[in-house]
Structure formats: C-alpha cells, structure tokens
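I would like to follow the helices and then the aromatic rings.

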Amino acid sequence: MRSNHFTFSTSVVAWPLFFVLAMWIVFWFELKFSVDVKDFGIYPRDVKGLLGILFSPFIHGDLLHLYNNSIPLVLLLAALRYFYRKVSFNVLVFGILISGFLTWLIGRESYHIGASGLIYVLVSFIFFKGIQTKYYRLVALSLTLIMVYGGLIWYVFPDVEEGISWEGHLSGLITGFGMSLFFKTPEYKKPIRYEWELPDFDPQSDPFMKHFDAEGNFVNTPKPEDEIPNYFTTSIQVIYDFIGINKKDSN
C-alpha cells in the first residue's frame, strides 16, 4: 500500500515562481519609473497603513533584501504546497493577513516592508505542524528546516540587527504556530507493507512466529501425527494396488 498524501503537480513549482516573480516585477517597476512604493508598506496603528498588510510582502528596500527573501520563499512555498496541499492556500492567505495585522498592532512607527514575515510564517507552520503529526516524513522535514533556518529565531528579538522588522518576524512566528494548531491535516500513517504491521495481527496464529518460544529462541515445531507419513503402510498399499488385491478383501 503506497501513501497518496503527497502528490507532485505543476502548482508545486508554479506557486513559488509566481509569487517571487511578482516581487521582482514590483522591484523592477520601482527602479524603472523611479517610483517609491515603500509608502505602501505596513505603517503601524495608522488606517492607511492597513493597506500594507496586502502589499508589503511584495515590496523590498534593495536588491540584497529582495534576493535574500526570494530563495527561501521558493523552497518554503514549494514544500508547503507539496506536503500540505489541502491547507496550503489557507496558510498562505491567512499567514499574510494575520501576520501583517499583528505587525500593524505591535510594530514601531515606521514602514515595515518585505516578505520576511511570510517566511517566518512558513518556517513556523511547517516545523510545528510536522512535529504535531508525528509522521516520519514530516518530522524529518521539520528537523531539516531547523538545521537550515534555525538561526532565524534570533531575529524575532529587538536590537539584534538594525534596519530589520523584528516585529514582522515575531508576528510571522506566532501566526505560523497558531495556524499549525488550527488547521487540521489528514492522519498520516506509514504505508503497511507486512502482515505484522496490521493492527489486528495475531502473532500466535502466524506460522513463522510459532518457531519462537516465549523467550524469543528459535525452535523447530513438531509436525502433527496425522501428517507424519507411515512409510511401511504406504509401501504395503502400493504392492496391493499393483497386484490388484484390495486390502480389506485380503482380510
């Protein structure tokens, strides 16, 4: 029995490429037409700043900022779509909205831009959800994620690095964890390949297990008496059959 929880489709590649392409188009538009779009970022506790919740993930301060967010987004969005297909759209949409709103609530009075908040949403959701499922593939994905992006945890604290939105990072971390608890995923189970993996498997009725005693030592099981061939009786019967004499008539 094969696991059909994870299936590859064009959306696994299309989603991250489309999202990252939109970020690069916005950056190109800003350079090409000398337009400052940073005012469309999140400005905390200001009504106009609420528009930044939708637009800020696509706005970046410079080329390095854009580049540093592009590669993680490609990998994380592909992983989200492949491993958590049924909830991937909700995680993406609500991750942007909720983390953006939290940033609007707790952020400093400055424009908060960039997709790093979404990156924290994805890292947080994929990590915590994988641990919660206890499914070996998703747990392995969570551990891999920690090895690669574990250092991101330091950037949710104030004054670690000047010029970054630690409030956006913290909001993304909280949002991802909350969604990992809220959104339900299928009950993942390892594919059953052997009879002894079945829940109703009875070791005492299994022919192979009968070769082991209570202490786990291998023993030869005796054959039932009715299965032990009586070679002498069989030989006599063959002779009777050959000369055409019925054994019962001979008596």
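Helices (H or I, at least four residues) and strands (E, at least two) are taken as DSSP runs and numbered from the N terminus, and the expected span of a helix is 1.5 Å times one less than its number of residues. This is a predicted model, in which local features need pLDDT of at least 70 and side-chain atom pairs count only at pLDDT 80 or more, while totals for chains, interfaces and linings use all residues. Residues are numbered from 1 along each chain as its sequence is written, and side-chain values use heavy atoms, with hydrogens and water left out.

Helix H6 covers residues 136–149, and its 14 residues, at 1.5 Å a residue, should span 20 Å, which agrees with the 20 Å between its end C-alpha atoms. Within H6, Leu 138, Leu 141, Ser 142, Leu 145 and Tyr 149 are buried, where buried means under 20% relative accessible area, exposed over 50% and partly exposed in between, with a 1.4 Å probe and protein chains only. The buried residues of H6 pack against helix H3 (63–83) and helix H5 (116–133), and contact here means heavy atoms within 4.5 Å.

Helix H5 also holds Ser 124, which has a relative accessible area of 2% and is therefore buried. Leaving aside residues up to four places away in sequence, Ser 124 touches Gly 172, Leu 173, Gly 176 and Phe 177.

We now turn to the aromatic rings. A pair of such rings is described by the distance of the centres and the angle of the planes. Rings of Phe, Tyr and Trp (its six-membered ring) pair if their centres lie within 6.5 Å, and planes under 30 degrees apart count as stacked, over 60 as edge-to-face and the rest as tilted. A search of the whole structure finds 17 aromatic pairs. In one of them, the rings of Phe 6 and Phe 83 have centres 5.3 Å apart and planes at 65°, so this pair is edge-to-face. The pair links distant parts of the chain, since Phe 6 is in the segment before helix H1 (10–32) and Phe 83 is in helix H3, 77 residues apart. By contrast, the rings of Phe 101 and Trp 104 have centres 5.7 Å apart and planes at 20°, so that pair is stacked.
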